[in-house]
Structures are given as structure tokens and as C-alpha cells.
Amino acid sequence: MSVILKTEKLRVEFKSRELGQTTKVALNQLDLEVSTGEVFGFLGPNGAGKTTTMNVLLGFVQPTSGTASLFGIDVRQPIARQRIGYLPEMTYYYKFLTAEELLRFYAKIFGLPGAEANKRIDETLKLVELDSARKRLIKTYSKGMQQRVGLAQALINNPDLLILDEPTSGLDPLGRMKVRDIIQRLKNEGKTVFFSSHELGEVETVCDRVAIIANGNLKAIGRVQEIKGSEETLEKAFLNIIGFQN
Amino acid sequence: MRNVFAIAQIVILEMYRRKEFYVLFILTIMICLIMGSINIFNDKEVIRYIKELCLLMIWASSLIIAITTTARQIPAEREQRTLLPLLAKPLSRTQLIFGKFLGCWIVTGLALFCFYVLFGVLAATREHQWPIFNYFQAALLHWVALGVVVALSLLGSLVFAAPSSNSTICFAICAAIMCLGRYLDQFALNFHEPMRSLVYGIYFAIPHLEIPFEMRNLIIHDWPLISWNFVGLGCLYLLLYMVFFLLAACLVFRRKAVN
């Protein structure tokens, strides 16, 4: 299995808004490796640095030091994003477009030829069960439907690596189940999924490996069973690792 | 280029589907129509004044369309968080800037085309002539000048947080250049050094938008065509500013965090 996502000694500092502090360390010496075909859960409490890590991987934020690469290409190069799909935590898309138009636009950015783009649009809309609403403006969609449009756009290029930032956040149980099913299906197809979540039960079900991060520092990384150790659930192990004491 | 055109296409589609865009567009057309239908004593001078007012209205409207359309592009993408899934694609920030610019420039060009055609038809019904090449020269330089304004607004949208402040500043800069730009060298003579050099410096540094603005006299006074070489040079001069502002926008946006 080859490594397709890698960070080495990744450090991100932001200007602090607190008095007396000049910088705030969002990530500190983060080393991560994700291999082909893995479903990798990225866990941590709020403000731990999960979204910052994803932002660096997607080129939204420049690291202060260290390196990050996707498929062996530096993340600062746009071409590194050719084989990835990304679903942000909050899904907002152009409300003046229909789902079909949105997917066609993104297919163009990926350089998919017309016939292949049409095929992918049909496939992804069927996969996320939005085929019947494809001609409707996105502004008329419910939250769950918008989340599924988000998944469809993340899958339009048939990516080898999916980066999902809290994909089930704010969804009802049915919506969560559908997203989980899609992740499971992608796993079965041999795709690599890197996702952050607070739903530890869900992580336990679908992930091969997990990493736990707190205050920008990597606290633990390994297979779900290794992380759980003697604890009954991943949630208990997670709370121990981040230093929460009841 | 494929990505630049895809972004531009989305900008055009957005403008087509947004209702706000049509308000100013229809308002300008209606005012031009009403003014064009006024006939006071069939006096030629009055018709000339009306033509001047209509063209002034077209200039003001086109500036408002160019600035307001452009100023909200990147801030709206950030605010609505549509920028994140977009930049997660194999799209460089330079392509995004150029795509947004192209889309806004084409939109303002289409609005301008409609304004000039309507104005031309209206004037032709009165004067029974349509100096099409005069219109072409005036409209061409007008459009290229709007390209400079679009590029400036795009740069402003990356520097200023709020689209409203950017729009106000861009509009004030354009109005100041068009009204005072040509007199700056004369003002400079009234100052002592180093103020004189500073004012001279500003005079040479600013894009002289008053040049294309004055081209409307070709239509108002039915002046003969100016040399096509001068039109070409005028376009080139404005294109250089356009490229300068776009490159500055790319530089500002290149290292900006978008989270």
C-alpha cells in the first residue's frame, strides 16, 4: 500500500487575538501518513486543529513550517488536488445553480470531457439520491439535500482520496446513515477516505485507523482496536487520551 | 484557460439570474428612453445636451455595474463559503482571479453594448444618421476603461473586508480621476517641492480614465473619427493598467488564508 497523504513536522501558527500573545500554535510538528484504501478517522475536541490540518492539505492555509503532500505532490500545487474530493463541514454552494449545473461546473474544473462529465453527473446524482431534483435550484433544497449535493461534488471526479470534514454534522439520523453508507461503499470500492468527526460510534464502525489530536499535538495514532486498548468504547479511550478526567 | 472560462461562465450566469442587476439596467434604459423622447422646440443644441446627459448616465450606470458586480465576487465567495469547495479543486488562485475578472468584464461589456445600441437607435430616430464607427470607438474605449475599473475593484475586494467600503472607494477614485485627473499637472505647478513632485508622480501614475470618458464627444458633437492608431494606443495604455491591477490582485490573494 502506497502512502497518498503525508504530513511531516507540520506546524501552523496564527496571529493571536489574545492580549499579550503574538502567535497561537494551531498545529505542532504533526506527522501523518494515510495509505491507499484506508478509511482514516481524524479525531479531536473542538479547536484541536482538525480543520486546520485539512485546510493545509487543501492549500487554503500555508504551513509555517513542515511539509504536506497528496499523492507525493506538494499541496501548494493545484495539480495535487486533481485526484481528491472534498466535503467541507458546512456545505454552501452557488444557490443560483441547479445541482446538475453545479456538478457540470466542477467537472469542467477537473477537465472531464463532455460525455464523461455527463456520465459522472448521472452516477453521482443517483448515488446521493438527488436524481429527481437535479433541475431544481440549490436554494430550494433542504439541509440534508444540500449536504448530499456536497457529497456529489466531492465525488464528481471519481476521486482516489476523499477528504470529509465532519460529513454528518447537523444531519438527522437518516441523513447520517446515508452518508455512512456512502463512505462504506467507497471503502468497498478501494477508495481512501480521510475524515474528521465527533461521532465516535460512526468512526468505530467505518474506520481502519484513527488519529487523535488535541491542542495541535498528535496524541495517538493507530488501528481502532489499538487505540481502544482495554477500554469498552472508542469514546472512553478518546476521553482518556485527550486528558479528560471526570 | 479552461478553468478561467468556467469561472467566467458562472459569473455571467449569476448576473443573469440575479434580480438586482436588472434594476439599474432597466432604470438606465428607461431614463434614456424618456430623455430621448423629449423634443424642446426641435432645437439641435437641446438635443445635444440631452445626448450628453444620456451618455453621462450610461457612464455612471456602467461604472456602478462594473464596481458593484466585481466588488462582491470574492467577499461573497468567502462569506457564503463557496470558496472552499472551489479552491479544493485543481484550480489556482490566479485562475480564479482571472476568471472572475473576465466574467465581470464580459457582463459590463454586455450591459454597455445594450446601452449604446439603445442610445444609438434613439439618437438615429432624431438625427436620421448613425455614425457607427464613432459609436464603436467611444464604446470600445469605454469598455476597456471599465476593464481597468473591474481589475481595480477586484484588487480592492481582496484588500478591503467589506464590499460596500471597496465600492465606495473605487467609485470615489474613478470619479476623482475622471473629474480632476487631467488637471493634476496644472495643480502641481502651484506647489513647492517635494509636494510638486508628489502631485506630478500621481499624475503620471494614475490611469487616465478621462481619456475614454471624453470620447463621448465623438457622439455628442459628431466629431470626425480619431485615428485608429490612437484608439489602439489608448487601448494598450488601459490594458497595461488592467494587467498591473490583476497581477497585484494575484499577489495579494496568493498567500491569503481562505479558511
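This note walks through a sheet, a chain contact, a helix pair and one glycine in a predicted model.

1. Residues are numbered from 1 along each chain as its sequence is written, while chains are lettered from A and ligands numbered from 1 in the order in which they are written. As this is a predicted model, local features need pLDDT of at least 70 and side-chain atom pairs count only at pLDDT 80 or more, whereas totals for chains, interfaces and linings use all residues.

2. Start with the sheet of chain A. Its 6 strands run in the order β6-β7-β8-β3-β9-β10, forming an open sheet with mixed pairing. Strands (E, at least two residues) and helices (H or I, at least four) are DSSP runs numbered from the N terminus, and two strands pair if DSSP finds at least two bridges between them. At the edges sit β6 (84–87) and β10 (217–223) of chain A, each pairing on one side only. From one strand to the next, the twist averages 15°; angles run from 0 to 180 degrees between N-to-C directions, with axes being lines fitted to C-alpha atoms, for helices over the stretch in contact.

3. Look next at β6(A) and β7 (161–165) of chain A, which pair in the parallel sense over 4 bridges. Here A:Ile84 has A:Leu161 in β7(A) as its bridge partner. Helix α4 (143–155) of chain A packs on the sheet and touches β6 and β7 of chain A, its direction making about 165° with that of β6(A). Contact here requires C-beta atoms, placed from the backbone, to lie within 7 Å.

4. Now turn to where the chains meet. Chain A puts 24 residues into the contact and chain B 22. On the side of chain B, α1(B) gives the most, with 6 residues.

5. Within chain B, helices α6 (93–127) and α7 (132–159) pack at an angle of about 150°, their axes 9 Å apart. Among the residues making this contact are B:Trp105 of α6(B) and B:Trp143 of α7(B).

6. Finally, visit A:Gly59, in the loop between α1 (50–57) and β4 (65–70) of chain A. A:Gly59 counts as buried because it has 22 C-beta neighbours inside 10 Å; the cut-offs are 20 or more other C-beta atoms within 10 Å for buried, 12 or fewer for exposed, and partly exposed in between, with C-beta atoms placed from the backbone. Leaving aside neighbours within four places in sequence, A:Gly59 contacts A:Val75, A:Arg76 and B:Leu87. The C-alpha atoms of A:Gly59 and A:Val75 are separated by 5.7 Å, with the two residues 16 apart along the chain.

Notes: Two residues are in contact if their C-beta atoms, placed from the backbone, lie within 7 Å.
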